[in-house]
Amino acid sequence: MRPSLELIAQLADVDDVVDDEPLVETLRGVVDPEDPRRGLVPSDWRLRRRVGVTYLDPSLRFVDLAAPQTMTHLRTALAKRAAELGIDDIDLSTITSRQRRFTQDCARYIYEQVDEAGNPLYAGIRYPSRLNPDWECWAIFDTRMVHHPCPTETIHPDDTGLVEAAELLGLTIESVRKGDFLRP
């Protein structure tokens, strides 16, 4: 939903997007129709998804990728794989990077850790977002999730979490009514 850097750079060179009909058609549904520098959260994206709450079983164990002990262990355990991928060091920036092949290898390594009896050690991982280190991300291995879910609901355009994310990321939220937008 965030415009790519390439698109932002190209838009900086356009004087008057409104008069360029082919460009406007190309961007329809991708960016805010009144401000092409803002990405768009289309109403159909919201309507195809649900938001809810679940309570995880407190006995679940998670690997904290930001913990120094974790990074020290992963530097050794994944050194060969990192070298194969041309990665010259393993640190938090590597683990949270867009180098999906390596980040998936890291998650797989953690997923495959078992105790002496062959039981999985971890239910998932916790890591800081690459977009903002103050944001926590949790990846829960679906086959190991022990939880107590609550009912889900449609994501409304004025949902507090959605509005906060849209404001932080410079996104416009499309309402269900045509031409109705929320620009936090």
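Which side chain meets that of Arg-126 in a salt bridge, and what is the N to O distance?

Reply: The partner of Arg-126 is Asp-64, and the N to O distance of this salt bridge is 2.8 Å. The term salt bridge stands for a side-chain nitrogen of Lys or Arg within 4 Å of a carboxyl oxygen of Asp or Glu. Strands (E, at least two residues) and helices (H or I, at least four) are DSSP runs, numbered from the N terminus.

Before going further, note that this is a predicted model, in which local features need pLDDT of at least 70 and side-chain atom pairs count only at pLDDT 80 or more, while totals for chains, interfaces and linings use all residues. Residues are numbered from 1 along each chain as its sequence is written, and side-chain values use heavy atoms, with hydrogens and water left out.

By the salt-bridge rule the count comes to 10. One of them joins Asp-105 and Arg-81 at 2.5 Å, N to O. Since Asp-105 is in helix H7 and Arg-81 in helix H5 (residues 79-84), this pair ties together parts 24 residues apart in sequence. Asp-105 is partly exposed, with 22% relative accessible area, and Arg-81 is partly exposed too, with 27%. Another salt bridge, between Glu-112 and Arg-108, has an N to O distance of 3.9 Å. Glu-112 is partly exposed at 48%, and Arg-108 is partly exposed at 46%. Asp-32, Glu-34 and Arg-183 are linked in a network of salt bridges.

Arg-46, in helix H3 (residues 43-47), is a contrasting case. Arg-46 is buried yet has no salt bridge, and the nearest side chain of opposite charge, that of Glu-174, is 7.0 Å away. Leaving aside residues up to four places away in sequence, Arg-46 touches several residues, among them Ile-155, Pro-157, Leu-162 and Ile-173. A contact means heavy atoms within 4.5 Å.

Helix H7 (residues 100-111) also holds Cys-106, which counts as buried at 2% relative accessibility. With residues up to four places away in sequence left out, Cys-106 touches Leu-65, Leu-74, Leu-78 and Ile-95. Cys-137 is partly exposed, at 22%. The structure holds 0 disulfides, a disulfide being a pair of cysteine sulfur atoms within 2.5 Å.

Finally, confidence. The protein averages a pLDDT (the predictor's confidence in each residue, from 0 to 100) of 83, and 84% of the residues score at least 70. Confidence is highest in E5, at a mean of 96, and lowest in helix H2 (residues 21-27), at 45. Over residues 14-27 the pLDDT is below 50, and this stretch has 11 contacts in the model beyond near neighbours in sequence. Where pLDDT is low, predicted coordinates should not be read in detail.

Key:
Buried means under 20% relative accessible area, exposed over 50%, partly exposed in between (1.4 Å probe, protein chains only). Lys and Arg count as positive and Asp and Glu as negative; His and the chain ends are not counted.
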